[in-house]
Structures are given as C-alpha cells and as structure tokens.
Amino acid sequence: MNLEKATKPTFYFIGVTTAQSSIMKLFPLWAKYLGLDADIKGIDIEIHAEPEKYRKVVTFLKNDPLSLGALVTTHKIDLYNAANDIFDELDPYAQLFGELSSISKKDGKLIGHAKDHISSGLAMQNFIPKDFWKNHNGEVFVMGAGGSAIAITSNLIEDINGNNRPSKIYVSNRTQSRLDSMRDVISQMSNDVNIKFIKADDLTKNDNIISKLKPYSFIINATGLGKDRPGSPLSNDAIFPENSLVWELNYRGDLLFMHQALSQKDEKSLLVEDGWIYFIHGWTQVISEVFHIQLNSEQFTEIERISSEFNQQKAAAKQ
C-alpha cells in the first residue's frame with residue numbers, strides 16, 4: 001500500500017485488485033466527457049486488513065489537499081468500523097448500515113456516504129420485472145452478508161414496496177459475526193418479511209438452501225467469489241429454481257457462479273444478470289459526490305454508451 005502525496009487532483013479506488021478493474025481505463029473516458037480534470041489511482045488492501053491500515057488511508061485522504069476522495073469496494077464495513085471517527089460527517093445510510101462506499105470532501109470536511117442502497121436499487125430496477133413479487137410470491141437467496149448484501153436486502157424489504165415484497169429471504173455467510181451484524185441493521189428497517197440468516201461455511205449448505213427455493217425466486221452472489229477470489233458459493237451440483245432471476249454482482253474475474261446459472265438458463269428459464277449496470281451506478285453515484293456534480297439521465301445514458309463501446313473494443317481485442 002503506497003500512499004504518496006498527490007501532485008494533481010486525484011480520485012482513488014480502494015479495493016483488493018484495483019489494477020484489474022475496467023474503471024482504471026474507463027474513468028479517464030468518463031472524465032473527458034464530463035470535463036473533470038483528475039487522475040484515478042488504485043489503493044489495494046488485503047481483505048479484512050488490520051484496522052490501522054484503513055485508518056492510515058482515510059487519514060491520508062483527509063489531509064492531502066489534491067486527494068479529492070475515493071470509492072470503496074470490498075472494504076466498506078471494515079473501513080467504517082476502523083475509521084468512522086476520522087470523518088467529519090457521515091450520511092444516514094452510512095450510520096445505519098455501518099459501511100462506507102464513498103469518501104468525499106466539502107467545505108474542508110471529510111464526508112462518508114453509503115451509496116450501495118441507492119445504486120443497487122437503481123440496478124435492480126433495470127432487470128426485475130414490475131410487481132415481480134406481487135405476481136409470483138417468490139423468495140430471495142442472498143449469498144454474502146457484506147455491504148452489497150445489506151443494501152440489496154434493505155431495498156427488497158422497504159415498507160414503500162407494499163405487497164410487492166419477497167415471501168421469504170435467506171441470507172447465508174461463512175462467518176456468524178457478519179450475519180449477526182446484518183440482522184441488526186435489517187431489523188431496524190422492517191420486520192414484515194421473514195428473513196433467515198444461515199451460517200454456510202461450505203458449499204453444500206448453500207446448495208441445500210437453493211434446492212428449497214420456490215420458482216420465480218431471486219438468487220444473488222454477493223460474496224465476492226468469482227472476482228477478487230476464484231470460485232463460486234455454489235457447487236456445480238446446485239439446481240436453480242425455474243423462472244428465477246440470478247444476479248452475479250461481479251462483472252470481472254472467473255464469474256463461475258454466473259456460468260453455473262447460464263448452463264441452466266434455457267432448461268430452467270432463468271434471467272441471468274451480471275454486475276455491470278450495478279458497477280456503473282455505483283461509480284457514478286460516488287463521482288457525483290466527489291466532484292460535486294449531479295448527472296442527468298442524458299449524461300448517464302452517454303456514460304453507459306461509452307462503457308459499452310469500451311467493452312466491445314475490449315472483447316474484440318481478445319479475439
């Protein structure tokens with residue numbers, strides 16, 4: 001972890017394997033379109049690092065004048081737990097969820113936001129059919145109990161959804177402490193939906209849960225497996241329920257979970273979505289905070305177009 005004083009306006013990406021992310025090449029294209037004069041730089045931290053590492057990064061960002069802010073992935077909860085006292089302001093979602101995905105500055109203050117609730121909600125609007133739960137009474141299986149899992153679940157159970165909510169939600173994770181933390185957060189939002197939190201420290205437990213799901217359910221890989229770490233939270237023997245939605249939150253890596261779903265797509269009539277639109281919403285939400293701009297629908301559409309063109313060129317280069 002190399003923290004050098006910025007020599008020009010710099011926007012940071014705090015993750016695990018940041019050099020492999022498309023954002024390192026996409027952000028300059030977005031910045032050019034939006035008229036932003038800033039570099040992007042990655043800060044790699046190992047998963048579940050010592051609290052002092054997170055505090056060091058946040059203190060650096062706070063004190064370095066040309067360091068404008070950062071987007072945080074993977075470390076959202078650990079960074080919040082280790083360094084929330086360094087911030088001058090934390091938005092309500094950051095305090096409720098106990099996580100940070102956005103670090104920005106305004107009027108000399110260091111500000112933390114949790115943007116996943118907003119970005120995950122926008123991403124789900126992109127592919128979940130209207131009144132899906134009301135019409136089909138399906139269930140949800142969220143694998144993982146980190147920031148994205150909390151944000152997605154909170155969206156699905158909000159009172160504003162009325163009777164268009166899942167009939168039941170299963171959440172699995174390898175560690176009980178993360179499940180307990182997520183339960184505490186979610187219980188503050190709503191208790192109207194039956195949610196089961198299950199410790200699943202091997203693949204067979206996740207396989208067992210998915211085998212019990214109703215048709216027209218929603219299965220989500222929010223573990224990070226398939227991106228920074230290879231693999232899937234399911235074994236190759238897992239059977240997806242018919243007519244279900246499958247969301248692989250990753251958009252890079254081996255994406256084994258997504259390939260497992262795609263292999264059953266036709267037989268089970270699955271709708272399989274990757275994390276690309278979620279990725280774009282997540283970044284544009286943070287960019288808006290860091291650079292103090294409000295993107296309109298026309299600008300977002302153009303960023304989508306630039307990103308799609310980039311992906312097509314990247315795919316063509318591999319052939």
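Threonine 74 is partly exposed in this predicted model, with a relative accessible area of 35%. You will find threonine 74 in the loop between β3 (67-72) and α3 (76-83). Its backbone has a feature to look at: threonine 74 is not a glycine, and yet its phi is positive, at about 65 degrees. Most residues other than glycine have a negative phi.

Histidine 48 also has a positive phi, of about 55 degrees, without being a glycine. Histidine 48 sits in the loop between β2 (39-44) and α2 (51-63). Is histidine 48 buried or exposed? Histidine 48 is exposed, because its relative accessible area is 52% and the cut-off for exposed is over 50%.

Aspartate 88 lies in the loop between α3 and β4 (89-90), and with 41% relative accessibility it counts as partly exposed. Setting aside residues up to four places away in sequence, aspartate 88 touches Lys62, Gly108, Lys109 and Leu110. Aspartate 88 and phenylalanine 197 are 109 residues apart in sequence, and their C-alpha atoms are 34 Å apart in space.

Glycine 162 belongs to the loop between α7 and β8 (168-173). Glycine 162 counts as partly exposed, at 35% relative accessibility. Between glycine 162 and lysine 134 there are 9.2 Å from C-alpha to C-alpha, with the two residues 28 apart in sequence.

Phenylalanine 240 is in the loop between β10 (218-221) and β11 (245-248). How does the model class phenylalanine 240, as buried or exposed? Phenylalanine 240 counts as buried, because its relative accessibility is 1% and buried means under 20%. Leaving out neighbours within four places in sequence, phenylalanine 240 is in contact with Ile210, Ile219, Leu234, Val246, Phe257, Gln260, Ala261, Gln264, Lys268 and Leu270.

| Residue | Relative accessibility | Class |
|---|---|---|
| Histidine 48 | 52% | exposed |
| Threonine 74 | 35% | partly exposed |
| Aspartate 88 | 41% | partly exposed |
| Glycine 162 | 35% | partly exposed |
| Phenylalanine 240 | 1% | buried |

## Helices α5 and α7

Now for two helices. Seven of the 10 residues of α5 are buried, so α5 is largely enclosed by the rest of the structure. The buried residues are Asp116, His117, Ser119, Ser120, Gly121, Ala123 and Met124. They pack against α3, α4 (92-97), α7, β10, β11 and α12.

How many residues of α7 are buried? The count is 11 of the 11, so α7 too is largely enclosed by the rest of the structure. Among these buried residues are Gly147, Ala151, Asn155 and Ile157.

The axes of α5 and α7 come within 8 Å and cross at roughly 60 degrees, and the crossing is right-handed. On the α5 side, Asp116, His117, Ser120, Gly121 and Met124 take part; they meet Gly147, Ser148, Ala151, Ile152, Ser154, Asn155 and Leu156 of α7. By class, this contact of α5 with α7 holds four nonpolar, seven polar and one charged residues.

Helix α12 (residues 276-291) is another partner of α5: the two axes come within 8 Å and cross at roughly 140 degrees. The crossing of α5 and α12 is right-handed. Here Asp116, Ile118, Ser119, Ser120, Leu122 and Ala123 of α5 contact Ile277, Tyr278, His281, Gly282 and Gln285 of α12. The residues of the contact of α5 with α12 comprise five nonpolar, five polar and one charged.

## The second largest pocket

The lining is made up of nine nonpolar, five polar and three charged residues. Gly121 and Met124 are also among the α5 residues that meet α7.

Note on methods. Residues numbered from 1 in each chain as written. Predicted model: local features only at pLDDT ≥ 70, side-chain atom pairs only at ≥ 80, totals over all residues. Heavy atoms only, no water. Nonpolar A, V, L, I, M, F, W, Y, C, P; charged D, E, K, R; others polar. Axes fitted to C-alpha atoms, helices over the stretch in contact; angles between N-to-C directions. Helix = DSSP H or I, 4+ residues; strand = E, 2+ residues; numbered from the N terminus. Left-handed = near helix turned anticlockwise from the far one by under 90°. Contact = heavy atoms within 4.5 Å. Buried < 20%, exposed > 50% of the residue type's maximum accessible area, 1.4 Å probe, protein only.
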